[in-house]
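Have the structure open while you read.

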Amino acid sequence: MKELRVLRSRRIYSDGNHNAFTTVAFCGEVLYAAFRTASAHLAQNGAITVLKSSDGGKNWELCERIVCENWDLRDPGLVFCRDRLHLFCFGRNSANVAETASFHCFLQENNSFSPLETLKNMPVIWGVAVWGDKIYGTAYHSEGKNMSRVTLHVSCDGVNWEQLTELPFPGNEAAIDFDPDGTLWMLVRDTHDCSCYGGGSIPVLCRLKPPYTGTPFAVPLVLRLQGPMLKRINGVSIIAGRRWDGWERNRRNLRTDLFIIPDGEDCRFVSTLPSGGDTSYAACVEMPGNRLLLTYYSSHEHTMDVPFEEDDPKDPAKAEHSTPADIFVAEISKNF
């Protein structure tokens, strides 16, 4: 039976700010991790922090802090394509949060990142992955009140993008990865109660064959999950995300959970990562020796929940919105 085992988890970054929304990738033998740093989850002052490790993730050092004046940067994504490490993120105008833009930069020969460049023909970029010599990205855009749609795009240079298809159901954040034969897999966050797939944070697992312009095969998972992570390895979907107890608007016991879905089998729970409070948004990279390294964020060493007397009916997620958060890495063993 194909299985995962979580060997250990440890904190690699904490500075008293809210650090969240992770991504990780190799550039040669150097491992890079990036995430958003801001004063709070809902603050409009986010920058992208990049760490690097030259010893397989054992020790990490600060590489760069990427800022864009008057823009709140969020949700970075790292990919290596055409001998270059690319970093993508989106931002909200700090003076007008309704205005969004997607950005790109790359690691230069002097080991610093190039200035941010605005992407062309790309709404809010979220998931990125490489197949062949092209970069594929998911994006979402608003469509009326509390409604958004997911689109799939492709780029040869990371700046100019072409839309390939739009999903036939609502969604927003969508993680993607590829099989060796080019099959694209996508895990879509859906928080819309009107969705034909059930809504209410039921993620949808999609599969699409090249040239990725048709309607994907889509199956809703039998669990509630936010901040989706998807990694495909040897016919297995590895997923992670935020889970909780109780109703959506009054959720408690938040944590980051790890699952495995071998092709043709049901979804199986693997482990709850050391986590709590504001947590999730993992990323995963393969390591030598049947190992995986998974990055994620969590506030459990600061605040996991608020006392009963501090409950705020106007903000049921007060604990998530008012605490610092740190970056963690989990080391995982696989037998497939």
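Is Asp-326 buried or exposed? Asp-326 is buried, at a relative accessible area of 0% (buried means under 20%, exposed over 50%, and partly exposed in between, with a 1.4 Å probe and protein chains only).

A word on the ground rules: this is a predicted model, where local features need pLDDT of at least 70, side-chain atom pairs count only at pLDDT 80 or more, and totals for chains, interfaces and linings use all residues. Residues are numbered from 1 along each chain as its sequence is written, and side-chain values use heavy atoms, leaving out hydrogens and water.

Now for the pairs. There are 18 salt bridges in the structure (a side-chain nitrogen of Lys or Arg within 4 Å of a carboxyl oxygen of Asp or Glu). Three of them are listed here, including the one made by Asp-326.

| Salt bridge | N to O distance |
|---|---|
| Asp-326 and Arg-11 | 3.0 Å |
| Lys-209 and Asp-181 | 3.6 Å |
| Arg-232 and Asp-263 | 2.8 Å |

Asp-326 sits in strand 24 and Arg-11 in strand 1, 315 residues apart (strands are DSSP runs of E, at least two residues, numbered from the N terminus). Arg-11 is partly exposed at 39%.

Lys-209 and Asp-181 both lie in loops, 28 residues apart. Asp-181 is exposed, at 52%.

Arg-232 belongs to strand 18 and Asp-263 to the loop between strand 20 and strand 21, so their bridge ties together parts 31 residues apart in sequence. Arg-232 is buried at 6%, while Asp-263 is partly exposed at 41%.

Methods:
Helices (H or I, at least four residues) and strands (E, at least two) are DSSP runs, numbered from the N terminus.
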